[in-house]
Amino acid sequence: MEIKTTSKDNATTLSLNGRIDTATAPELEQAINKVIDGGQRKVLLDFAGVTYISSGGLRVLLATAKKLKNPGDKFGICALSPEVLKILKLAGFTSIFSIYPSEGEALAGW
Amino acid sequence: MPAGNDQLVSLEWQPLPGAGGATIFPLIRKIDTVSSNSYIIQTPDAIILIDPGGLAAQAEQLMQVVTECRAAKERPFFILLTHAHIDHFIAIQNTPALAVAGAAVLMVQEEGAACLERGDAAMTQAAMFNTTIAPIKAGFHLVTSDRREHPGEPVELCFSNGALATVTAFPAGATSLSLNRETIVFGPASPPLEVFHTPGHSRDSICIRMGGLLFIGDLFFAANPGIAGLVGWSQEDLVRSLDGIGVLLDKGEISVLCPGHGRLIPVADAKKMLPLVKRDAATLADIAEFNPDRAAEIATYAEDIMEQVNQLFTVMAGRLYYVSYVLDELEESGTAEELGTLIKGDDIDELLDAFRTFSDEHHKKKGVSVHLALKAGQVVGKLQRTFKTDELAHIIDPGIVRRTERLLSDYITIFRGFTPPREVSVVDLSSLIEALIEGLTIPPISCNAVFSSTDDEKAFARVLLASIGTRPLLEDMDVVIGNAPDALFVTIDRENFADILTYILEDLVGKGSPAIRIAVCGSGGDATVSISGTTPSSSPECESRKTDRFLTGLCERAGASLAVSHGEDTRNTYMIQVNRIV
């Protein structure tokens, strides 16, 4: 999985490309933790290139939501494919963090 | 393979238990469908190879050992097949050394010999592995009906390689054994070799005994899914053969069973396994033949259901994570941790990943269907053992748990050669749709249930978990139902119908359709349910095709037919048609 990190407007976007599965979920968790440990409290995951998410990937998303729940913190996901959106919706995750159609729309509200 | 009191060591010469003068060199492989175990026996008068296997490298290894034996003392060389399935013998055809090595005599039960001589791709399972075999001439036919006409009379034989042997036939029932058998003596200093005809796995299956060892081929696997029903398989024969081997084991002369695949079996374990194999075999009356066409159908079905299984397991694991997240927020982290044991997410992810990788390789290398069907069977079996359905169904939507359970058990049922059970009844389609939609809209746990459980700590915890874990699919959804003005009676399997409706609605809701329209109408002899919604963008073609194929198959099992259209304007319409009872 490719992870590209960009920062603008006081938020960091991690643009992901590939599958989030057993092999790649730890890599994603590490990349997110690095951003949070660096002091960033507004994190957006751009899922435009994500074709699949496993339960291990879901766990990483929840762990991130737990870390970013203080007042002023922001955590969201944008540009989900229909398959990944379906998994997040049916698992109930869309009530924990915000889902945005695009990076622009997410950051505009932050 | 470690040596035990009653075990043998793989790839080493050692005395053959209970057979003075004979030694054995076992080659024990990890179980697969490509090649069998092989066993080389040497006596002062002969070298005997049981099942050369299916791999050229294995055959070369065996031939090196045989060549060394013959260099030490020249003796006639015999190759015996426990049965003529390609994983047990194809090395003969593909390894020149085996075919010409000092004119080895190939000994096969007479029906197997006939299959080899006509190059029968179906009976040898070559067709199943998408290959062919050239005709092979067996040098000697074992357990023949001709010799049974002269029971107990020793027949002196002189083989093409100059070897001499004495064969005596004993028909079933001539002794306490219910199996046709023959005794072969290769020379004055050699212990006798007994051959028992044990059809069932194949028509030509035999068990071979020397001293305390019984070489059983695939007898103990014969009732397994993906093996039962192979061309030449017979339930009736298998049960009879298992009975006969049971009597043989009770005589106390055998200490270890040497199977065609996997580890050796001490006789005490074999006696425990035998009734279980027999019990499985007894349930397999009238199973469908497991031939290449069926293997292809099952492989396609496997890929279709694994797509759904993947989604269902990910959603179930996600729901549990969600519940544990909410519990953490409520400072109930102890309960949250307990939930983690209900689904082993990492194990499940690994299993599903393993199947996907296998499937990708299968398509890239144009693999044979039976391998994909078997892999799916293995993964589904492990998934069934991995999740605790009853406990899960108390916490997350029991509908998801039940559907997953049924998907897995349906695969095993079909894989075993049966048809999943179907219970059809006459229902009014409009009322059924309304009831199903209501069930997917109203929360299963009412406020009253939460309030009335507050006095009992355990009951409250249970209700709390369920109320967090179960979220009605259509809770916040704009669903419009247009029902037919009059009752529309149809004959349908309610559970399968409920499943298909749920799968369709989940797909539309999950992919973000803002509204769903359901129309029920009747026209002449047909009743039609049309479900439509608009999703922001369409799924990749391959996944969409698998899902549509899965839904179409499920619909047929419900007693209906399905037509799916994914419009360019992102409108998805599912039309279910059922015969109407007028």
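A: On a 1 Å grid over the protein atoms alone, a cavity is a set of points where a 1.4 Å probe fits but cannot get out, and a lining residue has an atom within 4 Å of a point. The model is predicted: local features need pLDDT of at least 70, side-chain atom pairs count only at pLDDT 80 or more, and totals for chains, interfaces and linings use all residues. Residues are numbered from 1 along each chain as its sequence is written, chains are lettered from A in the order in which they are written, and side-chain values use heavy atoms, without hydrogens and water.

From chain A, its lining takes Lys86(A), Ile87(A) and Leu90(A). From chain B come Gln308(B), Gln311(B), Leu312(B), Val315(B), Tyr503(B), Glu506(B), Asp507(B), Thr547(B) and Leu551(B). At least two lining residues each are supplied by helix 3 of chain A and by helix 8 (292–329), helix 17 (494–510) and helix 18 (541–558) of chain B; helices here are DSSP runs (H or I, at least four residues), strands are E runs of at least two, and both are numbered from the N terminus. Helix 8 of chain B gives the most, four residues. By class, the lining has six nonpolar, three polar and three charged residues, where Ala, Val, Leu, Ile, Met, Phe, Trp, Tyr, Cys and Pro count as nonpolar, Asp, Glu, Lys and Arg as charged, and the others, Gly among them, as polar.

Now the contact between the chains. In all, 26 residues of chain A are in contact (heavy atoms within 4.5 Å) with 31 residues of chain B. The two chains bury about 2,700 Å² between them, 55% of it on carbon and sulfur atoms; this is the accessible area (1.4 Å probe) lost on being put together, summed over both.

Six salt bridges (a side-chain nitrogen of Lys or Arg within 4 Å of a carboxyl oxygen of Asp or Glu) run between the chains. One of them links Glu83(A) and Lys511(B), with the closest N and O atoms 3.4 Å apart. On the side of chain A that touches chain B, strand 3 (42–53), helix 2 (55–67) and helix 3 (82–91) give two or more residues. Helix 3 of chain A has the largest share, eight residues. That side divides into twelve nonpolar, six polar and eight charged residues.

How values were computed:
1 Å grid on protein atoms, 1.4 Å probe; cavity = no way out; pocket = protein on both sides within 12 Å on 5 of 7 lines; lining within 4 Å.
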